[in-house]
Amino acid sequence: MLDSEKQEELGRTISQLTHAFQTTEARHLFLQTFWQTINREWAGIDRLRLDKFYMLMRMVLSESLKAVKAQGWEERQVEQLLELLTTEILHPNGEAPNGVKSHFLEIFLEELSKVGAAELTADQNLQLIDPFCRIAACTNDSLVLHNITRSILEMIVEQAPLAIEDLMNELDQQKAEDEVSDGDDELSEGSFCRADPEMDEEQAEDDGDSSDPVLQFDYEAVANRLFELASGESTPSQNRKRLYKVIQKLRELAGGTFPEDDVPEKAYKKLLEGRRERKKKRLLKSQSQEKAGEGKEKALSPYPDLGVERKRSRRKVERAGSTVPAETRGQRGAHGRRRKRSRQLHRCKARVAGVQQPEKKRKQSLENRK
């Protein structure tokens, strides 16, 4: 086993210890000790080994969220976990290095999406990001303000197209289930219907290519909460200015307008890549079907090589730039050459006549003089 695999397995073992405690207090004591240890030892970690500890932080955060998920996302459990994380990592008087703060804020929304996007409601998601909104409104640390705004608040705006697509997929799935239930009722009455296998395969491909679910948010509620915090008298002016820009984008989303010029293309690229992959698969499938059809026609034809020869000759004629047979083209070429020769003879005669005519005039002029 490679060293990287051993380190990954060790990180997974350490993160799984989160579920080894019987009480919430014991689990939170373990998490508190873990983050305090990371903060204390961060400066002594070799720069080339930071990726392993980034991975360990991600694993522990994911298992912490899974522990809350196992308890049904109870409001009290969520509040206690968020209070622990913000106190140990984002507290202004804490000992967390900038590297730990930045990485934690970068991965929080991503890991929350992986763990709970399929079941969390918009109200629960607002509760989960509320501590970060409060910190963004009052912090004097420009790095923390930037990371919260960029990695959490603006990420919500960027993921809006994906979130709306998830909602549309859920509606389509619900509609399909309703149609299936109606079809079952009809079948029970004696009717018979046959599904299209190609459509089923394309639907399966779409389901297989779909990305992970995205967190759903009430954009108007998030904007109102941010405005309530940003408009306070104690909010620094730079924080207020930064948050007002996010509020404007959220309100545009709530009104049904996507700020495409301001939103980075990251979310759109991710969405388009999935669609392109599906189109490629369907194109390859159609091409294989066409080749199979041509093979069948060739097998059924009494003269299979005749069609191939005709196609080849047709391509040669098209490349030559004319569809006229070769014999006719040769006749036209000879006729053109004869015309060219006659023109050259006429030109030579004209030149000779032009040269000889002055000689006659000279003789006549000499005779007149005599």
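1. From the N terminus on, the elements of the protein chain run α-α-α-α-α-α-α-α-α-α-α-α-α-α. The chain has 14 helices and zero strands, where helices (H or I, at least four residues) and strands (E, at least two) are DSSP runs, numbered from the N terminus.

2. This is a predicted model, in which local features need pLDDT of at least 70 and side-chain atom pairs count only at pLDDT 80 or more, while totals for chains, interfaces and linings use all residues. Residues are numbered from 1 along each chain as its sequence is written, and side-chain values use heavy atoms, with hydrogens and water left out.

3. Of the 370 residues in the protein chain, 30% are buried (under 20% relative accessible area; exposed is over 50%, partly exposed in between, with a 1.4 Å probe and protein chains only). Among contacts (heavy atoms within 4.5 Å) with a separation of 6 or more, 76% are between residues 24 or more positions apart.

4. Helix α4 has 16 residues, which at 1.5 Å a residue should span 22 Å; its end C-alpha atoms are 21 Å apart, which agrees. The expected span is 1.5 Å times one less than the number of residues. Buried residues of α4 include Gln 77, Leu 81, Leu 84 and Leu 85. The buried residues of this helix pack against α2 (24-41), α3, α5 (98-116) and α6.

5. How are α4 and α6 placed relative to each other? Helix α4 (residues 75-90) packs on helix α6 (residues 122-138) at an angle of about 30°, with the axes 9 Å apart. That makes α4 roughly parallel to α6, a term for angles under 35 degrees. Axes are lines fitted to C-alpha atoms, for helices over the stretch in contact, and angles run from 0 to 180 degrees between N-to-C directions.

6. On the α4 side, the contact with α6 is made by Glu 75, Val 78, Glu 79, Leu 82, Thr 86 and Leu 90. On the α6 side, Gln 127, Leu 128, Pro 131, Phe 132 and Ile 135 take part. By class, this contact has seven nonpolar, two polar and two charged residues.

7. Trp 73 lies in the loop between α3 (50-70) and α4. Its phi is near 55°, a positive value in a residue other than glycine. Trp 73 counts as buried, at 8% relative accessibility.

8. Leaving aside neighbours within four places in sequence, Glu 111 is in contact with Arg 58, Leu 61, Ser 62 and Leu 65. The C-alpha atoms of Glu 111 and Met 59 are separated by 9.0 Å, and these residues are 52 residues apart along the chain.

Methods. Angles under 35 degrees count as roughly parallel, over 145 as roughly antiparallel, 65 to 115 as roughly perpendicular and the rest as oblique. Ala, Val, Leu, Ile, Met, Phe, Trp, Tyr, Cys and Pro count as nonpolar, Asp, Glu, Lys and Arg as charged, and the others, Gly among them, as polar.
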